[in-house]
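Please take a moment to look over the sequence and the model below before reading on. The paragraphs after them are meant to be read with the structure in view.

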Amino acid sequence: MKNIQFIKYSKLWLTITTTVMIVSIGLVAILGLKPGIDFTGGSLLEVEFQEALPDVNLVRSYLQEGEHKNAVVQATGDRGLLIRTAFLNEEEHQQLVAGLAEKFGTEKNTVDEKRFETIGSSVSKTLRERAIWAIILVNLGIISYIAYAFRKVSRPVASWKYGAIAIFALIHDVLLVMGVFAILGRYVGTEVDIAFVVALLTVLGYSVNDTIVVFDRVRENLLHHKADTFGETVNFGLNQTIMRSINTTLTTLLPLLALYFIGGETIKNFSLALLIGIASGAYSSIFIASPLLAVVERWQVRRLAKA
Amino acid sequence: MQKNKYAKPATKGITRAQLRWRTLGVLFLLVVSLLVILPTYANRGINWVNNKTNLGVPTLPAKGFNLGLDLQGGAHLIYKANTEQIPSDQQADAVEGVRDVIERRVRGGLGVSEPLVQTNQVGSEHRIIVELPGVTDVKQAISMIGETPVLEFKEENNTPARDLTKEEKKQLEDFNKAADKKAREALAETKKGKDFSELVNKYSDDESAIKEKGGNIGFVTADNAPELYKWATGKKVNEVSRVTVKNSEGNNILKKLSERDGEKKVTASHLLLCFEGATGCDDPKYKKEEAKAKIDEIKSQATIQNFRDLVKQYTTEPGGADRNGELGTFSKGQMVPEFEKVAFEMPNNSISEVVETQFGYHLIYKYGEETPKEYELARILARTKTEADILPPADQWKNTGLSGKQLQRAEVVEDQQTSQIQVSLNFNDEGSKLFGEITGRNVGKQVAIFLDGEPLSTPVVNEAITSGSAVISGGFTFQEAKLLAQRLNSGALPVSVELISQQTVDATLGNDSLQKSFKAGMIGLIAVMLFMIFYYRLPGLISVASLIVYASITLALSKLLGVTLTLSGIAGFILSIGMAVDANVLVFERLKEELRLGKSLKVAIEEAFVRAWSSIRDGNITTLISCVFLIWFGTGFIQGFAVTLGLGILVSMLTAFVFSRIIARLVFGWMPEKGNWLLVGYKTDNSAVTETIVNK
């Protein structure tokens, strides 16, 4: 078994991490995430033309010159159109569909409604509130579990520090996903909806899982005195678990890749968020959590030496 | 992290025989799961067996998976109930009524077999969530749901469907002539002094338990049998009628058996001052204290002579001034209790003190009081027919013009004397008048109450009810009465609903999503299996076996537990495949290490399972925490995902840890002590160990 020197390059990894995090924060702050109708209210209509899609620009100008000034029109698939507008009641919805059929449909090239979602402001408010509650509670749950899981590890690094490091790695993963979606939102119009929040919360659980496995091994090695210094113990633990981390991540990413590429449009963004988050979760437990653990211990030693 | 409690390999005590049994157990679970997932194939087999033998093995229910709206197409609608007009303590009931109306409509009118209609309160806003799986015409569904419920009172229809033919007329005439003849014969025999009850047995057509009782039909009143009552008035006890008495049933020969005092009846008029907050006070003139002061003032001037003028001048009862406040003749049980008590106890020809009821303050002028007699009669009935008996009407019920608009409120009440559960109805003025007329002409018959064209209740009218309040009794349980009252109220106090959110998925799009995500799941599963076999060789194969068991059990469980499979649910399932393998990966990586340390295969595999456990547990728990909160707070998308992911994780802990271990123990028993090329790491790699330990 090879012994790769991860800890030796701790500073490099942490520099990269800090950069990624700062860039992500910057992207989210400057570009912002594009909220979907789940959170803002509004309508999403998907229609399919039986034969051929009309010019998307024509449809857009037709809608925008009519009653839907803020309409966003996108082609989807070969013959599909996605139209986003403000909240529509049933009458307005039927008018919109009938209008499209009249203007762009022909006898053969009929317009079929595939999907329609409309969310009023009070419902989107409920969804927003629920999402926030879910985020808060999942975080509290995970933090409590970390505190519980690491309660017996105290030397040489205090147990709460393991927890704090795990959370730091987790923040990195979430920020990275958000950063990517900020870019996608700006340039491809990808929206952030309930599914995105769910993906983030799943990434939270997953990222912590990975970190815990590595730390668990470090803890075991500390008990058995496998190496002389703390840094080496961490490095040894990392080497023992790295194949597991890679393989587990691969076996999780494989089905997700299948879902992303052939699972259909509706689930695409959701699988993408999971893909990025889970890959990042494996990365962060190796290149962020473990080096940080070693660095924290070195700081402690130095402070003790000064005192 | 907890210290491992099982430091020693645990194969001790497990014999090969036991292992084989356990393996059979796993196989059995796999077969059962597959049967649950694919009942059609299983049933084909069972039918084959049944054909060959006569075992009579029962077939499995061929139920498919519960597919969510996004996979089978359908609509998810959220309505806001406009309850602003309704007092806050009645809102929840009113919304429940609307929910019931919507559910009846979507089941009946749209034929959606498994709709989900729920109420939900967010802050002070009442919502109704309607899920219509598989509905094709969403437009129609929405317009049907949005309609205001129609409540109608109908009476029996006696008009024949068409004019009678000559033959039918003749038939009717002949029948009635025969009845007349029979009545005359019976009458002649009574005049000869024959025993009345014997004649009843010989002649009477009144089947309803009368013959055994000597034709006794009990006590009659002027309300329930006017013709018979009229005859009995002034007759002596034991007197037999000298002529036949005709009524709607036919020709009667009567014998008066006894008489008694009936219920007391009172005739009165009243003056009402309603105040803010009183029932039915739509346009309050007074606050409560003001009304009290005013009515006291009126009372001080009121005399029998000027009472009618005072009513005309002051009463706030809608339409009361035109009727001079007349209430007509009423008996007990028709008025609210406070009113009734005073009206029945006060002396006749006087004006009462001020009475307070839920409607406001009343002054009562009582000018009639009587206790009519009731007569116990026996009869011989020669039944006659009407046109409707020969030719039934086209429609059993006909409209009366009385509808939910004239019904003010329905409530569950308990009868004070019998403590029977009843549903009370209160009509407005117009409704009281109509209801009085309807009940007046339908005494002894049914009056049906229809909601959206479906009969809710078809009570029999006991007497004419002119007071505008009635009760329906009929051995209700509280729940039944509550449901009936809710349904009546949904027509009386219609709560309009407003569509605030809609999610509609076309069935073809749903099916497309199902196909694609299923395919993605399969490809993902196969990719994972291939990876495991290539990377871990024999242990990889074991993990594939337990992965198959895992997938089967999870699918079978979600079917048995009735989990609704949504697109997000399938995503959760796909994600859990990866997590299921994680446990195996942890164990196999550990196995590799143990083997490299030079341990024997048996020891190594036991160590690997034991040592990997804490990591498997901790890793899965964090994801489970996420799932639990997501299920708790989520709707739709979130729940579908979290439920299947959570279920998958729980099952994977079982399959990856318990099942894989059983299979591994069994298979490794066939292997040489130190393993062979089928296992990664079978060559003891001492260098790695020493290197890490001495590394500085």
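This is a predicted model: local features need pLDDT of at least 70, side-chain atom pairs count only at pLDDT 80 or more; totals for chains, interfaces and linings use all residues.

Residues are numbered from 1 along each chain as its sequence is written, and chains are lettered from A and ligands numbered from 1 in the order in which they are written.

The contact between the two chains takes 66 residues from chain A and 67 residues from chain B, where two residues are in contact if their C-beta atoms, placed from the backbone, lie within 7 Å. Helix 8 (230-262) of chain A gives the most to the side of chain A that touches chain B, with 16 residues; helices here are DSSP runs of H or I with at least four residues, and strands are runs of E with at least two, numbered from the N terminus. Strand 4 (111-119) of chain A also belongs to this side, and this strand of chain A pairs with strand 20 (residues 497-505) of chain B in the antiparallel sense over five bridges (two strands pair if DSSP finds at least two bridges between them). Within that pairing, the bridge partner of R115(A) is V505(B).

Turning to chain B, four strands form an open antiparallel sheet in the order 14-4-17-18. Strand 14 (397-403) and strand 18 (454-457) of chain B stand at the edges, each with a single partner strand, so one side of each has no neighbour in the sheet. Strand 4 (residues 151-156) and strand 14 of chain B are joined over four bridges, and E156(B) stands opposite W397(B) in strand 14.

How many residues of helix 18 of chain B are buried? The answer is 25 of its 33 residues, so that the helix is mostly covered; a residue is buried if 20 or more other C-beta atoms, placed from the backbone, lie within 10 Å of its own, exposed if 12 or fewer, and partly exposed in between.

Most residues other than glycine have a negative phi. N349(B), in the loop between helix 11 (337-345) and strand 10 (350-351) of chain B, has a positive phi near 55°, and N349(B) counts as exposed because it has 11 C-beta neighbours inside 10 Å. R537(B), which also has a positive phi of about 55°, is found in the loop between helix 15 (507-536) and helix 16 (538-560) of chain B, and R537(B) is partly exposed, with 17 other C-beta atoms within 10 Å.
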